[in-house]
Amino acid sequence: MTETHVFRADALLAAVRAIVGAAGSSPAEAEAVATNLVEANLRGHDSHGVGMVPRYIDAVLEGGLMLNAHVAVRADSGALLTLDGQSGYGQVIGAEAMALGIERAQRHGVCVVGLAHSHHLGRIGHWAEQCVDAGLVSIHFVNVLARPIVAPFGGRDARLGTNPFCVGIPRPGAEPIVLDFATSKIAQGKTRVAYNRGVPVEPGTIIDNHGDPTTDPRFTVIEPSGALLPFGEHKGAGLALICELLGAALAGGKTGGPVADGRRRVLNSMFSILVDPERLGTAAHLAREMESFVAWTTASPPMAGVDRVKTPGEPERETRAARLAAGIAVDAVSWGEIVAAGVKVGLAARGVQALVR
Ligand code: NAD
């Protein structure tokens, strides 16, 4: 197990803002990236937090991530929008795409948004939360265009991305339901975090380069590559396939396959459906049914080792409250990589360190 630092959220924000800004992003873009990544850490998803900074900076330097890019509208028929993220920072592209979709869903009652070729959209729940804040239900299917990392059901090598699926449902007067997960048994970033911490991953989550079970996270981090397994056997693998076909193909994006140009960028395409329950005429009904159903399911007696039955989105909110109070742990390897990313874009290592002190 490697050493771990604990940083306050605002200190990490300052460090990420400085590094992303030094790489050439506008202050607004640097702010969006920093806020989104630190928010992922606060919500317990370190796989999609500040540890992504080195990969983003490499992608900028290699020309795979376009700085200060904005969403381009490719087709617009009111309630249907086809957008292109132009390989821009997903933290900006995702927010712009959802803002457009929200405005349309408020006008028409529904909006279908096909967003192709954003750079990494991070934690997809972030976009569902943007919709929830506007009172909208949203469903998101996402593909990941990078080196394939997940084996199809029954396969011995990686052919799929970790293709996340997400649903957000606002609850008047209560915290929303936000179901947000990778279709792999664990997110790829979690194996990177395990590798950097020097700890094994759970049995049954990855296979090695021969397609045999292993708990060594190296097989999804460094060569020779193995693969993550899909969650839920054939069901999760099927959902991952649907994320390619809807999230990419229907949305106007490219589906996965062998990486042709070898560049270390991560592109996401996302197919989203935004619905206004008010306009559907079921808002009051939804609220009533949801409250009674949530109460019914969460009243289930907890199993041994479980404190209580929770709703999707609840663990993230609990972790957020705890980490705002106690700080965010970042392992020394990841922190070293973040500082090194700052150095690559012209900052002094001591300057980055000073920002988190
Ligand atoms: P996970 O396995 O931690 O599952 C998270 C989901 O399960 C959340 O909705 C959470 O509220 C719910 N949950 C967890 N514990 C629960 C409990 N005890 N009771 C009720 N609900 C519970 O998530 P993951 O698969 O590791 O994904 C992590 C993040 O990675 C997600 O935010 C996802 O969007 C993101 N991701 C992004 C990409 C990308 O390319 N942009 C790819 C893959 C994953």
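Predicted model: local features only at pLDDT ≥ 70, side-chain atom pairs only at ≥ 80, totals over all residues.
Local features here need pLDDT of at least 70 and side-chain atom pairs count only at pLDDT 80 or more, while totals for chains, interfaces and linings use all residues. Residues are numbered from 1 along each chain as its sequence is written, and side-chain values use heavy atoms, with hydrogens and water left out.

Biologist: Which element gives the most residues to the shell around the ligand?

Modeller: Helices (H or I, at least four residues) and strands (E, at least two) are DSSP runs, numbered from the N terminus. At least two shell residues come from each of α10 (314-326) and β7 (174-181). With four residues, the most is given by β7.

Biologist: Which side chain has a polar atom 2.5 Å from an oxygen atom of the ligand?

Modeller: A polar contact is a pair of N or O atoms within 3.5 Å; within protein, one must be able to donate a hydrogen and the other to accept it, and residues adjacent in sequence count only if both atoms are side-chain atoms. The 2.5 Å pair belongs to D180.

Biologist: How much of the ligand's area does the protein bury?

Modeller: Accessible areas come from the Shrake-Rupley method with a 1.4 Å probe; for residues, only the protein chains shown count as cover. Taken alone, the ligand exposes 860 Å², and the part buried by the protein is 79%.

Biologist: What does helix α1 span from its first C-alpha to its last?

Modeller: Helix α1 covers residues 9-22, 14 residues. The expected span is 1.5 Å times one less than the number of residues. That expectation is 20 Å, and α1 is close to it, reaching 20 Å.

Biologist: Why does R265 count as partly exposed?

Modeller: R265 sits in the loop between α7 (233-250) and β11 (267-275). Buried means under 20% relative accessible area, exposed over 50%, and partly exposed in between (1.4 Å probe, protein chains only). R265 counts as partly exposed because its relative accessibility is 22%.

Biologist: Which backbone nitrogen does the side chain of E314 reach?

Modeller: E314 lies in helix α10 and is buried, at 17% relative accessible area. At 2.8 Å, its side chain reaches the backbone nitrogen of T311.
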